[in-house]
Amino acid sequence: MTPFELWEDSQGIPAFAWRLKPGYTSNWDLYDLGNQLRQQGWLVPAYPLPDDLGDITVQRVVVRNGMSLDLADALLDDVAAAVAYLDGLDGPLPREGRKTTGFHH
């Protein structure tokens, strides 16, 4: 998808991570996308990388054994719908008081 860069392909592990392309938008970030996806029942957290790369935020999906193509298509459809919604905003989402601590189990 246009807004994203693949961060890692995990070579052999059924997981992948992406980041928002630098300069794509200042109206939203991956935390906002994660919130939109959570409203659709997906848990796709955004989190910063360790200190030496702390200015980079990524999202990651780990694919479990038995995940169907239909479920993968549904996730991609929901990501595309969330991006369309966020791209359609007239201005940036508020940042004050927003938690960006990532995902907690």
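Author: Please do; the model is a predicted one. We may begin with N27, which lies in the loop between β2 (15-20) and α1 (30-38).

Reader: Why is N27 called buried?

Author: The relative accessibility of N27 is 17%. Buried means under 20%, so N27 counts as buried.

Reader: Which residues does N27 touch, leaving out those up to four places away in sequence?

Author: N27 touches D32, L89, D90, G91, P92, L93 and R95. A contact of this kind requires heavy atoms within 4.5 Å.

Reader: What elements does the chain hold, and in what order do they run?

Author: The chain has two helices and four strands. From the N terminus on, their order is β-β-α-β-β-α.

Reader: How do you know that the length of helix α2 agrees with its number of residues?

Author: Helix α2 covers residues 69-87, which makes 19 residues.

Reader: What makes one face of α2 a buried face?

Author: The buried residues of α2 are L75, V79, A82, V83 and L86. Seen down the axis of α2, these residues fall within an arc of 100 degrees, and therefore they line one face of the helix. On the other side of α2, L69, D70, D77 and A84 are exposed. The cover over the buried residues of α2 includes β1 (4-8), α1 and β4 (57-62).

Reader: Why are β1 and β3 said to stand at the edges of the sheet?

Author: The sheet is open and has four strands in the order β1-β2-β4-β3, with antiparallel pairing. β1 and β3 (46-48) each have a single partner strand, so one side of each is left without a neighbour in the sheet. From one strand to the next, the twist averages 40 degrees.

Reader: What makes β1 and β2 a pair of strands?

Author: A pair needs at least two bridges, and β1 and β2 are joined in the antiparallel sense over four bridges. Opposite W18 in β2 stands L6. As for the helix on this sheet, α1 touches β1, β2, β3 and β4, and its direction makes about 35 degrees with that of β4.

Reader: How many aromatic pairs does the structure hold?

Author: The structure holds three aromatic pairs. One of them is formed by F16 and W18, with 5.6 Å centre to centre and 35 degrees between the planes.

Reader: Why is the pair of F16 and W18 called tilted?

Author: Planes under 30 degrees apart count as stacked and those over 60 as edge-to-face, while the rest are tilted. The angle of 35 degrees for F16 and W18 belongs to the rest, so the pair is tilted.

Reader: What makes the pair of Y24 and W28 edge-to-face?

Author: The planes of Y24 and W28 are 75 degrees apart, which is over 60, so the pair is edge-to-face. The ring centres of Y24 and W28 are 6.1 Å apart.

Reader: Are Y24 and W28 buried or partly exposed?

Author: Y24, at 28% relative accessibility, counts as partly exposed. W28, at 2%, counts as buried.

Reader: How are F16 and W18 classed in the same terms?

Author: F16 has a relative accessible area of 32% and is therefore partly exposed. W18 has 10% and is therefore buried. Ring pairs also link F4, F16 and W18 into a cluster.

Methods: Residues are numbered from 1 along each chain as its sequence is written. This is a predicted model: local features need pLDDT of at least 70, side-chain atom pairs count only at pLDDT 80 or more; totals for chains, interfaces and linings use all residues. Side-chain values use heavy atoms; hydrogens and water are left out. Buried means under 20% relative accessible area, exposed over 50%, partly exposed in between (1.4 Å probe, protein chains only). The expected span of a helix is 1.5 Å times one less than its number of residues. The arc is that of the directions from the helix axis to the C-beta atoms. Rings of Phe, Tyr and Trp (its six-membered ring) pair if their centres lie within 6.5 Å; planes under 30 degrees apart count as stacked, over 60 as edge-to-face and the rest as tilted. Axes are lines fitted to C-alpha atoms, for helices over the stretch in contact, and angles run from 0 to 180 degrees between N-to-C directions.
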